[in-house]
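This report describes a protein model chain by chain, then turns to selected sites. The sequence and structure come first.

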Amino acid sequence: MSIQRKFSIFRYNPNTPDVKPFMQEYVIEEPQSMTIFTALNKIREEQDPSLMFDFVCRAAICGSCAMVINGKPRLACKTLTTDFSGTITLMPLPVFKLVGDLSVDTGAWFRHLSLKTKAWVHTDKEFDPNAAEERMDNETALLIYEAERCIECGCCIAGCVTANIREDFLGAAGINRVARFMVDPRDERSGNEYFEVIGSDEGAFGCMGLMACDDNCPMQLPLQLQLSFVRRKMLAFGLSK
Amino acid sequence: MLAQKILTRNPKAELYYDLVELLTGVTLVGFLWTHMLFVATILLGKNTFNSLSQALDDYYLSYVGIPFIILVFMMHILTAGRRLPTRYQEQQIIWRHAKMLEGADTWVWVFQVITGAAIFALGSIHMWVVISGWPISAMTSAERMQAFWWFYLVLLILGEYHAGFGIYRQFVKWGWFPRKPLGYISKVITAIILTLGLAALWVFLKLGGA
Ligand code: HEM
Ligand code: SF4
Ligand code: SF4
Ligand code: FES
């Protein structure tokens with residue numbers, strides 16, 4: 001049995017600024033269950049080829065299909081229409097540059113984050129391609145893996161009040177990224193160097209603890225734990241020198 | 001980098017601000033809860049209340065405690081208050097955002113800011129009135145409550161809200177305890193203190209009539 005499902009979708013194209021942003025409604029046949037991503041493709045194929053939205057993997061891996069679904073930042077490919085009754089409202093993620101309609105540029109934002117947090121292993125060791133790989137205990141490996149599960153979708157950034165009003169705030173994804181290197185024994189950065197990167201209102205101390213990041217991360221990263229871990233570390237580093 | 005920013009750069013500044021925010025927040029909550037327990041001694045009778053007030057006075061605890069709390073209060077306004085969104089557009093963004101997200105913690109924070117600003121005004125008035133009517137005794141307090149019960153009712157509710165959720169969020173930010181039980185415990189303590197406060201207010205109103 002299929003039902004009629006109404007969508008209310010944000011429309012705006014920065015290339016035609018004369019046309020003010022507006023909400024457009026579409027009605028589609030909904031089979032038993034479909035993802036928002038499938039629904040959007042159906043709308044684009046059958047009704048409106050001009051509708052802009054992003055996707056690549058459609059399997060919650062690439063992080064490109066994040067949008068605000070009925071008020072919450074969610075992945076379109078991981079959210080089912082049957083989770084909602086009635087009209088489904090779709091808005092683009094705030095904070096990121098709006099490409100058009102539901103499409104935003106998270107790439108530039110995350111590139112900036114990587115550069116700013118210097119998100120690579122800092123070491124003076126010469127790499128020897130012939131040597132056996134250094135061993136790491138399982139616990140540490142799991143900690144790193146946990147942080148690395150971030151798919152850079154931007155849901156935590158879009159949900160964060162601080163990131164919405166302060167452009168320089170690195171948000172949960174940024175602080176989580178630094179946490180990842182802090183637990184990595186191969187990274188030789190000192191506490192001082194980490195402090196330089198994130199020991200300010202742009203990083204750890206800008207967070208006000210509203211937990212929209214923790215509530216909305218589609219990968220269920222333990223963001224509250226990561227944020228508070230980094231905050232305590234920054235306190236310790238900051239007071240120790 | 002810009003010259004004025006190079007000249008004034010202090011990499012530790014924001015750490016110290018956050019630390020002072022933490023310490024003043026915890027101190028104020030500790031103070032408020034203790035203060036409410038002291039006030040609630042009226043439930044045990046006029047004499048208990050008066051002798052407690054007298055004891056605090058005799059051992060100079062009031063003369064050390066009150067200026068200290070005023071100082072902490074002001075330092076809290078400077079540190080926690082720096083998060084106050086002062087620009088119109090910021091306020092609009094936050095308001096829209098809270099409505100859109102329907103995230104409980106985001107709404108709680110919006111009211112944290114609003115109650116904070118209200119306590120700034122009401123708390124200052126309260127301190128002024130009490131200090132200028134020194135010393136504290138059951139009868140003078142009862143008179144004040146009679147005349148301004150609505151003022152105390154509002155201050156009590158705003159203060160408890162601000163303190164209860166404030167301490168919750170501090171623990172969340174610093175991660176000393178898991179989030180869910182923490183919210184529960186802070187709500188229970190707030191409910192207890194609020195009940196004591198309301199009961200004390202009621203007793204004072206009765207006293208005033210006598
Ligand atoms: C002078 C009046 C006050 C103002 C203007 C004020 C303002 C604020 C603001 C804006 C915040 C949010 C800060 C943040 O999100 O980090 C805050 C947090 C807080 N306030 Fe107040 N407040 C006042 C009085 C009080 C009092 C009397 C108490 C204690 C009962 C208190 C306890 C707290 C706590 C525990 C926090 C959480 C701090 C944190 O999250 O780091 N405040 N206050
Ligand atoms: S907890 Fe911090 S990073 Fe997460 S949404 Fe709140 S302010 Fe933003
Ligand atoms: S931390 Fe979670 S919400 Fe934030 S970008 Fe990574 S996967 Fe997305
Ligand atoms: S399309 Fe890749 S995460 Fe949704």
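## Chain B overall

In chain B, 79% of the contacts between residues at least 6 apart in sequence join residues at least 24 apart, a contact being heavy atoms within 4.5 Å. The model is predicted: local features need pLDDT of at least 70 and side-chain atom pairs count only at pLDDT 80 or more, whereas totals for chains, interfaces and linings use all residues. Residues are numbered from 1 along each chain as its sequence is written, chains are lettered from A and ligands numbered from 1 in the order in which they are written, and side-chain values use heavy atoms, with hydrogens and water left out.

Chain B has eight helices and zero strands, and its elements run α-α-α-α-α-α-α-α from the N terminus on. Helices (H or I, at least four residues) and strands (E, at least two) are DSSP runs, numbered from the N terminus. The C-alpha trace of chain B spans about 65 × 40 × 35 Å along its principal axes. Of its 210 residues, 39% count as buried; buried means under 20% relative accessible area, exposed over 50%, and partly exposed in between (1.4 Å probe, protein chains only). Chain B has an accessible surface of about 12100 Å², 73% of which belongs to carbon and sulfur atoms. Accessible areas come from the Shrake-Rupley method with a 1.4 Å probe, and for residues only the protein chains shown count as cover.

## Ligand 1

Ligand 1 is surrounded by 23 residues, of which the closest are Glu21(B), His76(B), Trp109(B), His162(B) and Lys173(B). A residue is near a molecule or strand if one of its heavy atoms lies within 4 Å of it. Helices H2 (13-39), H4 (61-79), H6 (104-132) and H7 (138-174) of chain B each supply at least two residues of this shell. The most come from H7(B), which gives seven residues.

Polar side-chain atoms also approach the ligand. For His76(B), such an atom lies 2.7 Å from a nitrogen atom of ligand 1. An N or O atom in the side chain of Arg83(B) is 3.1 Å from an oxygen atom of ligand 1, and a polar side-chain atom of Arg169(B) lies 3.4 Å from an oxygen atom of the ligand.

## A surface patch on chain B

Tyr184(B), Ile185(B), Val188(B) and Ile192(B) form a nonpolar surface patch with about 410 Å² of accessible area together. Patches are made of residues with over 30% relative accessible area and no salt bridge, like charges being joined within 9 Å and nonpolar side chains (Val, Leu, Ile, Met, Phe, Trp, Tyr) within 5 Å. A salt bridge is a side-chain nitrogen of Lys or Arg within 4 Å of a carboxyl oxygen of Asp or Glu. Ile185(B) belongs to helix H8 (residues 179-209) of chain B and counts as partly exposed because its relative accessibility is 48%.

## Chain A

Chain A contains nine helices and seven strands, and its C-alpha trace spans about 60 × 40 × 30 Å along the principal axes. Of its 241 residues, 49% count as buried. In helix H1 (residues 36-46) of chain A, the buried residues are Ile36(A), Phe37(A), Ala39(A), Leu40(A), Asn41(A) and Ile43(A). They pack against strands E1 (3-11), E2 (22-30), E3 (66-69) and E5 (88-91) of chain A.

Asn164(A) lies in helix H5 (residues 161-165) of chain A and is buried, with a relative accessible area of 17%. Leaving aside neighbours within four places in sequence, Asn164(A) is in contact with Pro94(A), Val95(A), Ile157(A), Ala158(A), Ile93(B) and His97(B).

Technical notes. Polar contact = N/O pair within 3.5 Å; in protein donor to acceptor, adjacent residues only side chain to side chain.
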